[in-house]
Every structure is written in C-alpha cells, then in structure tokens.
Amino acid sequence: MKFKFLFTIVLLFGFCPRDTHAETTILSESYSYTLNDLESYSTIIELEGFSDEDSYNVVPFSVPELTELKSYELFVWKNKKWKKVNSTREITTSTISYSSFFTGSKNYYVSVPSNVKFLLHVELKEKHSIFLGRLNKNGFYDCDSVSYNFDLPDGIVISTNSNLNIDNGGVVTTRDLEVDSIVSYLIHPKGVLNVDYFSNWFDERIKPLTVISPETIPEELRALKGIASDAEIGKACFDYVKKSIKYIDIENGINAIIPRNCEKVLKNGLGDCKDMATLLTSLYRYFDLEAYCAVSRTNSKLGVFDFPAVNLGNHMICALKLNDEWYYLDATEDACIFGDPSAQILGTEVFMIGNTGSYFHDVPNEARSKCNVEFDYSFNIIDGQIKLKLITEGKMNSTFYGIDLSTHNTKKKLEDIFEIITELKWSVDSSLIQDKYSCLILTTDLDKSIYAKVGTKKMYDLSFLPSLKMMCLLFNSSPYPIMDSPVKIYLNFEDKIILPKSTFENIKCSQNTNVNRIKLDLQLLSQKNEEEFESHEINKDWEMFWSKPIITIE
C-alpha cells in the first residue's frame, strides 16, 4: 500500500551483527558524495571505531541490491598511523529488506581484529541522485560525530528544508545539525526551482507510462464517454481500479518509485499504489478530466511533506479536480469510498506531479461522505443478555466493509474484534455490511461481572464499554482520531435509572422521559498524534464516567 522510497543515504547501515559476533563501537561516520551528473555518483563511507577484546569482531553494513560495491578496505591504528590489514567478510542476501521501501539487499560483515582502533573505507557506485535527500545528525550508528561532504559539477546546487546552506565542496557536520537533527535536501540544476525539478524528474519518467489506447480501456468505462457526468465517470473509474487491480509492492532500485506501464497494469490486474495512481490518472485524462499523479505521505510517517525530497513521502495517489474541488483518491484501500481520502492519508500532504504553481496540497482531515456511529445497548435481565445494535456510516464503516471484502468468515472475525475491545464474548446474530453503511446485531451474556441486584436496586458495571482509543482503532484503524466523527451511545434498561452526577464537559449525557434510556453524544476530535489524543481531557472524563455503577430502581 505504500509508495516505496529509498533511504536518502543509499547505504542502509545499522544491521545488527549475529549473536556469534562481538559488537564494535563506531565513533564517527563520514559520507562523501561525488556527482558525475544528476543521474550517477559515487559514495565513499568511512567508519572509525573500536573493537572489544573478544576474538571475533565485525562491522556490519548493508548495500541495496542494485548498488555496486566497488571496494572496501580495513585499517588499524598502529604505531601512530593507519595500517591496512587483510580482513574476511561474510555476505547474506535478503530478497526483501525494509527502509522507506522494499528492496533486495546484501548484508556484509567485515571482520576486525580484537582490541584495536579501526577504520573501514567503503566505495560505492550509484545511480539517481534524487535518492539522496537526508542528513541525519546521529548518522546510522547513533554516533556523536557525523560528517557529509558534497562534490558537485558546475551548474548543480543543493536546496534544504532548513536554514542550513550546503556549498559545493563544503562539509556538513554534527555541529551544523544541532537545531535540526534531520535535514532534507534536494540536488538540482542551478536556476531551476527545486519543486520544478522534482516535478519534472517524475513527469519525464511517468508520462510515457501513462499513454493508454482507447481499445485497452474496459468497455464498461468506454461506454460512459459522452453519456455520464464527470462525477459518475470519476466514481466508475475509481471503483474499477480499486476492485480490478490486485495490490503488490515489491520492487528494486528506480522501480521503487517509478510505476509500471498502465496498459500492462490493466492487462495483468496487478500493481502497487503508484501503478494504481498512474492508471487512474490515465483513465481520467482519457475522459478529459484534470488529474495528476501525486506523491503523498501516510499518517504513519512522521513529519510534514512540505519539501520536494523523496524521504518525506512514502505513497502515491491520484488527485482529481471536479467542479473546482480536489479529490484525493487512494485506490489501494478496498473500503475507501469515492470522494473520500483513504484513512491513511487523511490530514496529510501531497505533491502533485505536473501541477505547476500549485504542487503541494493539504489533504483534508474530514471525509465528504456522511460519518456516523451509533451503539445501542439493551440490557435484558429475563433473558440474561446484552443486545448491541451497531450502525456505522461513511468513513467510519471502512473497517467492517474491509473485513467483509477480505475474509471468508466475516462473522468469526467480527466476534474476535468485539471480544478484544470489550473483553466479553459476543455472538453476531445478523449483519448487513455495505460500502457506506453497516448494521450489526450482537449479543453477549449478562453475567455477574456486569449485573447484580441488591434489595430493590439493580446495579450495572459498564466499564466493559470500549475505550475511546479502542473506538478509534475500530473505526479509523488508528490509535487516535484522524477526523471529526459523531458517536452516539444508547443504554436501555428495564427500570428507571439513577444516574451518577456528572460534570464532565466533554461527554453530553441525556435521558428520555421514561428515564430508562441514556444517550451519550461524543465528538472524536482530530488530534495531531496519539500522545495529544491520550492527554485530552475527554479520555479522563470517559474513564471517570464509568468508575461507578449505573443503578436502577423498580
């Protein structure tokens, strides 16, 4: 589901040595980049450190499969100078390793003599300088001393997302990165805006892949031309790509960020996020609609995508303009409704490739479709049961719709989920699950842990009700709310209720005239992150509200 990006420093250091190896201590890291042009460059890495007294020490590092390891040399400090020594190396190859993207890799373990100061010198030959893009204060070994050096041809410059200026031939050190522990940058031609270069780089490579002949387009879509409205065409194309293209996402090198030919994607019925985005964009352009492929950030990726560097994005979508409004469409999410951003991009940012003058856009953190959740609990003492009727609409329905699409035993999956969020065993008696609406009927035993009778009073312990965090996981697949969502909770008893006095500002509580039905209104407000949500007063209020039992009287 992710648009896979390279780590900006192409060497992916930090792989742990195996248990039989003694760890070495890396004291400093140095990275020197010499560009031949924007499409090819060489890298020299020097790692200086100490080995311990064990007989077998190694320095581990990893090289992406498509990067050429030209050479490596090991030196030890002896008699006040560096002396080259022979060393052995072990190689393990991984078909898949995860950084900001999936790629094959080779993991090297270079042996180091015990109890020495050492220097490892590595030389690489690499392609596509656009993959360079991040300066990390602590490097890849969490060092106190890290330096970066750039040797650029005439006419090529570096832009950053901070106040840091990187001159050709200049050295950037840990001290320069005191304020910003991670700085993103882009290498581009002098006199060309960094955003224009970033857009053009992608556009030149993607444009030939978006050419689609009319006869390749499915007949059910071609039949809409000249008949259906733009909105109907928008929905039909989105639904087709979402349902007809099976998601895959393993690539190497440049193919991690450049899509496949859209006609091949249609023919094979396979693709990842960038393939789906490119195909969807091509279909919209066939119908003369304004659409762009857009590099994006998912809300699982920290930071803000406001600078043209590949390390700040990890996904690709299609941006469609209808009636002067932008639609941010992610076909990788099966339960996504046309017009709504997917759950993973709500409230994030995109870069529209080719939309000159307006590249960066903020994705709304609210859905267009109606969002609603209603929990309706009924406590039946005679039958000894709790009955729950749950209604979900719009974006809040995506979890249930996704489950129904992806599992053969929807009933069992739903029962497992509700057991997790309430710690009670539920039975799904009936379910109606659609793309925008679901209605579930569930029952569980009204046991002694929940209900007790003392004299004429009946007492209910309602602490089993899902926490707000659990609700968010259930409806947004996120540990914190990513949009404003109304939630109504109804509690129905057989007798009149004595409610505990409540002064909680964040929970609206009301009763009907028969005073045997409680209605709670919640608004799960958008928060920037999980920590901000968990510290919100509404969580404390929710826990305190159920700290005392509900009492009914006959």
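## Getting to know a predicted chain

In this predicted model the chain averages a pLDDT of 84, and 87% of the residues score at least 70; pLDDT is the predictor's confidence in each residue, from 0 to 100. Residues are numbered from 1 along each chain as its sequence is written. Local features need pLDDT of at least 70 and side-chain atom pairs count only at pLDDT 80 or more, while totals for chains, interfaces and linings use all residues; side-chain values use heavy atoms, with hydrogens and water left out.

**Exercise 1. Work out how the open sheet of 3 strands is put together.**

Step 1: Get the order, which is β9-β13-β11, with antiparallel pairing. Strands here are DSSP runs of E with at least two residues, helices are runs of H or I with at least four, and both are numbered from the N terminus.

Step 2: Spot the edges. They are β9 (134-136) and β11 (156-160), each pairing on one side only; strands pair if DSSP finds at least two bridges between them.

Step 3: Count bridges. β9 and β13 (residues 182-189) share 3, and β11 and β13 share 5.

Step 4: L135 has V183 of β13 as its bridge partner, R134 stands opposite S184, and S159 stands opposite L186.

**Exercise 2. Take helix α3 and find its span, its buried residues and what covers them.**

Step 1: α3 (residues 230-244) has 15 residues and reaches 21 Å from its first C-alpha to its last. That's close to the 21 Å expected at 1.5 Å a residue, where the expected span is 1.5 Å times one less than the number of residues.

Step 2: The buried residues are I233, G234, C237, F238, D239, Y240, V241 and K242.

Step 3: Their cover includes the helices α2 (219-222), α4 (262-268) and α5 (273-286), along with the strands β17 (315-322) and β18 (325-329).

**Exercise 3. Is S398 buried or exposed, and which residues does it contact beyond four places in sequence?**

Step 1: Locate S398 in helix α6 (residues 398-406).

Step 2: Look at its relative accessible area: at 10%, S398 counts as buried.

Step 3: Leave aside the neighbours within four places in sequence, and S398 is in contact with A335 and F475.

**Exercise 4. Zoom out: how many helices and strands does the chain have, and what share of residues is buried?**

Step 1: The tally is 10 helices and 31 strands.

Step 2: Of the 554 residues in the chain, 53% are buried.

Note on methods: Buried means under 20% relative accessible area, exposed over 50%, partly exposed in between (1.4 Å probe, protein chains only). Contact means heavy atoms within 4.5 Å.
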